[in-house]
Amino acid sequence: MTTETQRPSIRDRIRPIDAGETVLAAHFLGADAALALASGEIILAGETDRRLSLHAGGILDSACDGSVLLTGGDDGRVLAMDRRGDLRRIHDSGGTWIDRVALGPSGAMAWSAGRKVFVAQAKGEPLSLSLPSAAGGIAFFPKGLRLAIAHYNGATLWYPNVQGDPVKLEWKGSHLGITVSADQRFVVTTMQDAQLHGWRLEDGQHMRMSGYPGKVRSFSWTQGGKFLATSGAAEAILWPFSSKNGPMGATPTMIAPAAKAGIKVTQVAGHPASPVIAAGFADGLILLCRIEDGAEILMREPDGDAVTALAWRADGKAVAFGTESGKAGLASL
């Protein structure tokens, strides 16, 4: 007679990481999780943990494509780290804060300092563009060298290698984050108000995505760019982008509801290869949720410590997270 071995839960597969301070962002650099900390340090967590000091002040933004981790700090430096932990200085502004960073196709890098945004390619000096205000967010288009920049009263689309004026997308208000759809037909920004705004690039049609009880601070594309998952409500709000009209006239999908009333989603992360999202909440809860039917797996129990960082590994077999008080973990799935 044999007994069936009980399958371990997701919670049992979490290896805790003691960050000791607020985790600002989570990424994966190769197989290792890379956690950006408020102090300017990075934790590389794999079989062992390494803690590296990158910036003399805090890290203001970070981006990662699996091979390179790009960070910008209030010390005015832009740094690139490879999978071995080797550092390369990309830029030094002389003290002007590096507010935003982004990684693009073919090794392109971008960052903003004050009212200027810069793009560096594999060869040549960085190119710069003056903005009407400080950049709220920057993001590369998936293909080609084109940059989308959010700022006050709209967004700017810039081809660094092409002469001519950048394209202006106007909408009143403060635009804080920006992203481009996988088919490059839509640009979406988060705003100071509790809403998203978007543009369909082929005709400039505006898209207003509202109804949030709180500001949208986290967004992530799901598998194949079918949905844009967002935080800011009591459950993850997923706007559809698979049709030619995107979310215009469509009802969003709402999944992964909070366990308690009044608790909002703080972080979302789309699985790289499956129709699944991870959702972190203000009370510390983390759920893995299947989009098609809303089926949930509990990854982390709520403990009152807000989830501030969440990321999937490129193969979809691990999740890294961090919290406001410095609790972190690496879950193997």
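Predicted model: local features only at pLDDT ≥ 70, side-chain atom pairs only at ≥ 80, totals over all residues.

Biologist: Why is Ala 256 called buried?

Modeller: Its relative accessible area is 1%.

Biologist: Where is Ser 106?

Modeller: Ser 106 belongs to the loop between β10 (98-103) and β11 (109-113). Its phi is near 55°, a positive value in a residue other than glycine.

Biologist: How do you know whether Ser 106 is buried or exposed?

Modeller: Look at its relative accessibility, which is 74%. Exposed means over 50%, so Ser 106 counts as exposed.

Biologist: Let's turn to Gln 195, in the loop between β17 (186-191) and β18 (196-200). Why does Gln 195 count as buried?

Modeller: Because its relative accessibility is 8%, and the cut-off for buried is under 20%.

Biologist: What makes the link between the side chains of Gln 195 and Arg 208 a polar contact?

Modeller: The pair is 2.9 Å apart, and a polar contact needs N or O atoms within 3.5 Å, one able to donate a hydrogen and the other to accept it. The link between Gln 195 and Arg 208 therefore qualifies.

Biologist: Which residues is Gln 195 in contact with, leaving aside neighbours within four places in sequence?

Modeller: Those are Thr 189, Thr 190, Arg 208, Met 209, Ser 210 and Tyr 212.

Key. Residues numbered from 1 in each chain as written. Heavy atoms only, no water. Helix = DSSP H or I, 4+ residues; strand = E, 2+ residues; numbered from the N terminus. Buried < 20%, exposed > 50% of the residue type's maximum accessible area, 1.4 Å probe, protein only. Contact = heavy atoms within 4.5 Å.
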